[in-house]
Amino acid sequence: MRILPNKTVSIKQAAKMVEDCLLYYDRGIFLANKPSKMVCQMSYSTSAQYENFNILCKGIQRKLNMLRPPNSVHRLDKDTTGALLLARSPMWASRLQDQFNDGSIRKTYLALVHGGSEKFRETSGVIETGMSEVDGRVRLDPLGKVTRTEWEVLGSSPKVPLTLMRLKLLTGHKHQLRVHLAKCLNAPVIGDPLYAKDVPPEEIKITRQIAASRKNMFLHASEISFYRWTKERPIKRFELSFRVPVPTKFDVVCRDSKIPVDRQLLLRQGRMFVNGQPWTEASYVYRESEKCWVSPELIPQEPTQVSQTDSENAVPARFKPYSQPHTEDKSNEL
């Protein structure tokens, strides 16, 4: 993949996109918090939905002085936000795609859907159906590819017909979560332009008072886990897991609709885990190198504020390098 020429992309635009989106990188991968209205593919189009992905890749390439832009590993729908993996090279992309293919990578989503608590007879379950795609639209099909989604109700609003759900992809198919919610649970994602068209007008009117606009789709890739291997021998496998903060609009809707969940823990607080242990407690497994950077958004803040020098204050907070409090030998860096 190469950066496509576009004179409208400035260095300032690229730097701002990276600052807003990039959460983590190391010698092989990048993790970004994808915004809405971004199509995850390179394009010559000057449309904003394509241009933003070009800008993100160009910004990462420039920031890390790479010869080539990052490689795509997987995609999120244009209006879906959240965890997006990119790779430094085709080799790293292939390694991650192998994990997608064998089911090693685990992905969890949060969704705000139409309907209150009365719509759900159970609070959790697994949907298993066949699916097929015709002319870009996905539909249920008994003879199609078998798809499975695990779902859980986290809380429903006492004010409006809105419910917050957690969804785990057990298989991968285009629009799988959106179709399962709309067609199997009769609870389409708020703002879904394709599969929420059968929602009664009076219900749409009520939810609009909280969600403000149907142009926003409230589906967020909140967690992703995958495996890595140490660089030095003996080679050891470990698991990296990330929890990605939701967009502000998502948090605000949950607040205004009074959905009874811990918003700080579930929605706002990003985290990184190594073999199930929070990053700050995992130095014995994952040793930091000059090629590894973790966003402050993934690190729990200390209760007390630490004074900073003027020179530190001159660096944007999101890009202050994180260093673990140890002086161990880095010969086994990843």
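A: A residue is buried if its relative accessible area is under 20%, exposed if over 50%, and partly exposed in between (1.4 Å probe, protein chains only).

First, some ground rules. The model is predicted, so local features need pLDDT of at least 70 and side-chain atom pairs count only at pLDDT 80 or more, while totals for chains, interfaces and linings use all residues. Residues are numbered from 1 along each chain as its sequence is written, and side-chain values use heavy atoms, leaving out hydrogens and water.

Strands (E, at least two residues) and helices (H or I, at least four) are DSSP runs, numbered from the N terminus. Strand β1 covers residues 22-25. Two strands pair if DSSP finds at least two bridges between them. One partner of β1 is β2, residues 29-34. They run antiparallel, joined by three bridges. Leu22 faces Ala32 of β2. Three residues lie between β1 and β2, and the two strands form a hairpin.

β1 also pairs with β14, residues 293-294. This pairing is antiparallel too, with two bridges. Here Tyr24 stands opposite Val294.

Now the rings. Rings of Phe, Tyr and Trp (its six-membered ring) pair if their centres lie within 6.5 Å; planes under 30 degrees apart are stacked, over 60 edge-to-face, and the rest tilted. The model has six aromatic pairs by this rule. One of them joins Tyr25 and Trp293: the centres are 5.7 Å apart and the planes meet at 25°, so the pair is stacked. Tyr25 belongs to β1 and Trp293 to β14, so this pair links parts of the chain that are 268 residues apart. Are these two residues buried or exposed? Both Tyr25 and Trp293 are buried.

Ring pairs tie Tyr24, Phe226 and Phe242 into a cluster.

An α-helix has 3.6 residues a turn, so residues three or four places apart point the same way.

Last, look at Cys292. At 9% relative accessibility, Cys292 counts as buried. A disulfide is a pair of cysteine sulfur atoms within 2.5 Å. By that rule, the model has zero disulfides.
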